[in-house]
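Have the structure open and follow along.

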Amino acid sequence: MLERLFQLREHGTTVRTEILAGITTFLTMSYIIFVNPEILSSTGMDKSAIFVATCLAAAIGTLIMAFLANWPIGMAPGMGLNAFFAFTVVAALGYSWQQALGAVFISGVIFLLLTLTGIRSWLVAGIPKSLRAAIAAGIGLFLAIIALGSSGIVVASPATKVDLGDLTAAPALFAILGFFIIAALDAMKIKGAILIGILVVTVLSMLTGHSEFYGVFSMPPSLAPTFMQLDIMGALHTGFVHVILVLVLVEVFDATGTMIGVAKRANLVPEGKPNRLGRALMADSTAIVAGSFLGTSSTTAYAESASGVQAGGRTGLTALTIGVLFLLALFVAPLAGSVPAYATAPALLYVAGLMLREITEIDWNDVTEATPAALTAIMMPFTYSIADGLAFGFISYVVLKTITGRFREVHMATLLVAVLFVIRYAFFPA
């Protein structure tokens, strides 16, 4: 049955290889079940309910990927998008988390329509490569400042804006230790390095009396505090236009870039032949909508899926394995509740460093490409907003190309996004 359903022989793989590949990918991305509740609970959302929503959103998205696209890609609430949800939309802009979930739902519907109509392809093709790379790098810097702040390594200062925290304090020491554990294990190619780092710091924190142990296994907590709590009408407020725009842009670029990258490694997108990218993106956008109902930020494809492809994963059976493991993870809720913020901070910081690798894709020899890209990445952490970073990048790109007589190089999609951001700042200032 599995052979027929997932076309294993056609893809040159076996049931055993696919299951092992699924386990490998799950180990590399399962840190999200600890990190996501920590980030989103800062908005006032129930941490246990977010844990359940995270596991279910990841399982639903990955299972849709398995059966609709037959691709070996794992899905879960995205890093960066969860930080944007919590620290920009709710904390900085002052909207409720219910309205933020409404915005996630609307962005998912828009993403779905963009995919169905083919506009997504036009949008992705029209955004400069330099800006796409800068968006990923900027989100990395944004995650870094969140991680450094939550662990006490960097603190606020009235004189210098930011300052070095107390490195002898337990949270900072645990975060530093966790970071080196993760980096060292990853350098040694040990699967699940990030997850191991989180768990080691959590256990040490308990043993030294700095955090409490609530157990490991239990029945899943209630989803009720976040289930169907989205406020769609509240998200239709004019101030939400740029929030939804940012969610759609990041979802489109993140999902498309990740899927193409992983699929290329698995040889699933051969040149000039039909492929299932459209179906895979349908799975992504559907999962975003489902996640908003459950009570979590946008779901997206995970680059960590490449580890499963490296282990031989080629079909949706790999994704099916990942989805089942996320469902089983529902029963470790007490362990998730025992993880302190300084145990997940090193994971955030390490992922931030990985995202910074994208800056190599920027053409630094062309000022009209490099300057907007640099502004995009720099403004995200310094304004504490992914949205403002995107705005500075797109607007400056159009302005510089126009001033230097190269306006013809500006794609209509880039111009449209820049104009929308200008309208937002001119008529709907924060």
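At what angle do helix α3 (residues 32–40) and helix α4 (residues 47–69) pack, and how far apart are their axes? In this predicted model, the angle is about 135 degrees and the axes lie 9 Å apart. Angles over 145 degrees count as roughly antiparallel, so α3 and α4 are oblique to each other. Their crossing is right-handed. On the α3 side, the contact is made by Ile32, Ile33, Asn36, Pro37, Glu38 and Leu40, and α4 brings Lys47, Ile50, Phe51, Thr54 and Cys55. Sorted by class, that contact has seven nonpolar, two polar and two charged residues.

| Helix pair | Angle between axes | Axis separation |
|---|---|---|
| α3 and α4 | about 135 degrees | 9 Å |
| α9 and α10 | about 150 degrees | 8 Å |
| α12 and α19 | roughly 80 degrees | within 10 Å |

Take α9 (residues 170–187) and α10 (residues 193–207) next, with their angle of about 150 degrees. That makes α9 roughly antiparallel to α10, and the crossing is right-handed here too. From α9, the contact draws on Phe174, Leu177, Gly178, Ile181, Ile182, Leu185 and Asp186; from α10, on Ala193, Ile194, Ile196, Gly197, Val200, Val201, Leu204 and Ser205. Eleven of these contact residues are nonpolar, three are polar and one is charged.

Then there's α12 with α19 (residues 386–403), where the axes cross at roughly 80 degrees. That makes α12 roughly perpendicular to α19. His242, Val246, Leu249 and Val250 in α12 meet Ile386, Ala387, Leu390 and Phe394 in α19. No charged residues turn up in this contact, which has seven nonpolar and one polar.

On to the open space. Which element gives the largest share of the lining of the largest pocket? That's α12 (241–265), with eleven residues. The largest pocket has a volume of about 1800 Å³ and is lined by 47 residues. Nearest its centre you'll find Thr258, Ala303, Glu304, Arg357 and Glu358. Elements that each supply at least two residues of the lining include α2 (15–29), α8 (129–150), β4 (299–301), α14 (305–310) and α17 (341–355). By class, the lining of the largest pocket divides into 24 nonpolar, eleven polar and twelve charged residues.

Terms used
Residues are numbered from 1 along each chain as its sequence is written. This is a predicted model: local features need pLDDT of at least 70, side-chain atom pairs count only at pLDDT 80 or more; totals for chains, interfaces and linings use all residues. Side-chain values use heavy atoms; hydrogens and water are left out. Axes are lines fitted to C-alpha atoms, for helices over the stretch in contact, and angles run from 0 to 180 degrees between N-to-C directions. Helices (H or I, at least four residues) and strands (E, at least two) are DSSP runs, numbered from the N terminus. Angles under 35 degrees count as roughly parallel, over 145 as roughly antiparallel, 65 to 115 as roughly perpendicular and the rest as oblique. A crossing is left-handed if the near helix is turned anticlockwise from the far one by less than a right angle, and right-handed if clockwise. Contact means heavy atoms within 4.5 Å. Ala, Val, Leu, Ile, Met, Phe, Trp, Tyr, Cys and Pro count as nonpolar, Asp, Glu, Lys and Arg as charged, and the others, Gly among them, as polar. On a 1 Å grid over the protein atoms alone, a cavity is a set of points where a 1.4 Å probe fits but cannot get out, and a pocket is an open set with protein on both sides within 12 Å along at least five of seven lines; lining residues have an atom within 4 Å of a point. Grid points are joined across faces, edges and corners, and a volume is the space filled by probe spheres set on the points.
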